[in-house]
Amino acid sequence: MDPMRSRARVEKQVVYPVGPEEVWAAITRPEELSGWFGMEVVSLDLRPAGRIVFKDGGGTSRRALVEEVEPPYRFVFRWLPAPVGGPGHDPGSRVDFSLEEVPGGTALTVVETPSLAVGEMIPMAGPVFLAASTRDLPDPIGAPPRIEVGVPLGQEMALSG
């Protein structure tokens, strides 16, 4: 499998012939959410900073952190990175469920956006500034002391080392 392809943003929209409350229940109840992901939802704390724990058929757990809850229109959580030394090296992703009333029912849009792995960069065009590791340069906006903000794209490697 192409690693870049597996890191792509995924978006899907489906219109259900029911009201938003019914769709909301289908994405926020543990027994229903289990069906969406093909894993048992062992626990679901449906509030910002709440935790979700999934368990697959082999007993492996995956954890997620709830970021936003706006009943019955928005539910966002972030898959937490796989533990170091565990199976796979998935840095996690953000899953955003948005519901909208439309003629004939409720449109559910699901967007999953991958998180970046440590050291991974996003290719961009134009005047982009990246953070680069340095030891001696102060940071004017208060980032950790080993991070310099405002290094033009392509020059970050010249400053590290």
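Two strands are said to pair if DSSP finds at least two bridges between them. With that in mind, in this predicted model Phe-75 stands opposite Phe-97 in E6. The two strands concerned, strand E5 (residues 74-79) and strand E6 (residues 93-102), pair in the antiparallel sense over 6 bridges.

**The sheet**

E5 and E6 belong to an open sheet of 7 strands, whose order is E1-E7-E6-E5-E4-E3-E2 and whose pairing is antiparallel. At its edges lie strand E1 (10-16) and strand E2 (40-44), each of which pairs on one side only. On average, and with direction ignored, neighbouring strands of this sheet are turned by 20° against each other. Strands of a sheet pair through backbone hydrogen bonds, and they may do so in a parallel or an antiparallel way.

In the chain as a whole there are 4 helices and 9 strands, and, read along the sequence, these follow the pattern α-β-α-α-β-β-β-β-β-β-β-β-α.

**Helices on the sheet**

Helix H2 (residues 20-28) packs on the sheet, where it touches E1, E2, strand E4 (61-70), E5, E6 and strand E7 (105-114), and the direction of H2 makes about 165° with that of E6. Helix H3 (residues 30-37) lies across E1, E2, strand E3 (51-55), E5, E6 and E7, and runs at about 135° to E2.

How do H2 and H3 lie to each other, and at what angle do their axes cross? The axes of H2 and H3 come within 5 Å and cross at roughly 75°; because angles of 65 to 115 degrees count as roughly perpendicular, H2 and H3 are roughly perpendicular to each other. On the side of H2, the contact is made by Ala-25, Ala-26, Ile-27 and Thr-28, and on the side of H3 by Pro-30, Glu-32, Leu-33 and Trp-36. The residues of this contact between H2 and H3 divide into 6 nonpolar, 1 polar and 1 charged.

The angles described above are gathered here.

| Pair | Angle |
|---|---|
| H2 and E6 | about 165° |
| H3 and E2 | about 135° |
| H2 and H3 | roughly 75° |

**Two loops with backbone features**

In the loop between E4 and E5 is the place of Pro-72, and the peptide bond from Pro-71 to Pro-72 is cis, with omega near -10°. In the loop between E2 and E3 is found Ala-49, which has a positive phi of about 75° although it is not a glycine. Ala-49 is exposed, with a relative accessible area of 52%.

**Burial, contacts and confidence**

Of the 161 residues of the chain, 27% count as buried. Among the contacts in the chain with a separation of 6 or more, 37% are accounted for by residues 24 or more positions apart.

The mean pLDDT of the chain is 74, and 61% of its residues reach 70 or more. Where in the chain is confidence lowest, and where is it highest? Confidence is lowest in strand E8 (residues 129-133), at a mean of 39, and highest in E2, at 96. Over residues 1-5 the pLDDT is below 50, and this stretch has 1 contact in the model beyond near neighbours in sequence. Over residues 118-161 the pLDDT is also below 50, and that stretch has 42 contacts in the model beyond near neighbours in sequence.

Definitions and conventions
Residues are numbered from 1 along each chain as its sequence is written. This is a predicted model: local features need pLDDT of at least 70, side-chain atom pairs count only at pLDDT 80 or more; totals for chains, interfaces and linings use all residues. Side-chain values use heavy atoms; hydrogens and water are left out. Axes are lines fitted to C-alpha atoms, for helices over the stretch in contact, and angles run from 0 to 180 degrees between N-to-C directions. Contact means heavy atoms within 4.5 Å. Angles under 35 degrees count as roughly parallel, over 145 as roughly antiparallel, 65 to 115 as roughly perpendicular and the rest as oblique. Ala, Val, Leu, Ile, Met, Phe, Trp, Tyr, Cys and Pro count as nonpolar, Asp, Glu, Lys and Arg as charged, and the others, Gly among them, as polar. pLDDT is the predictor's confidence in each residue, from 0 to 100. Buried means under 20% relative accessible area, exposed over 50%, partly exposed in between (1.4 Å probe, protein chains only).
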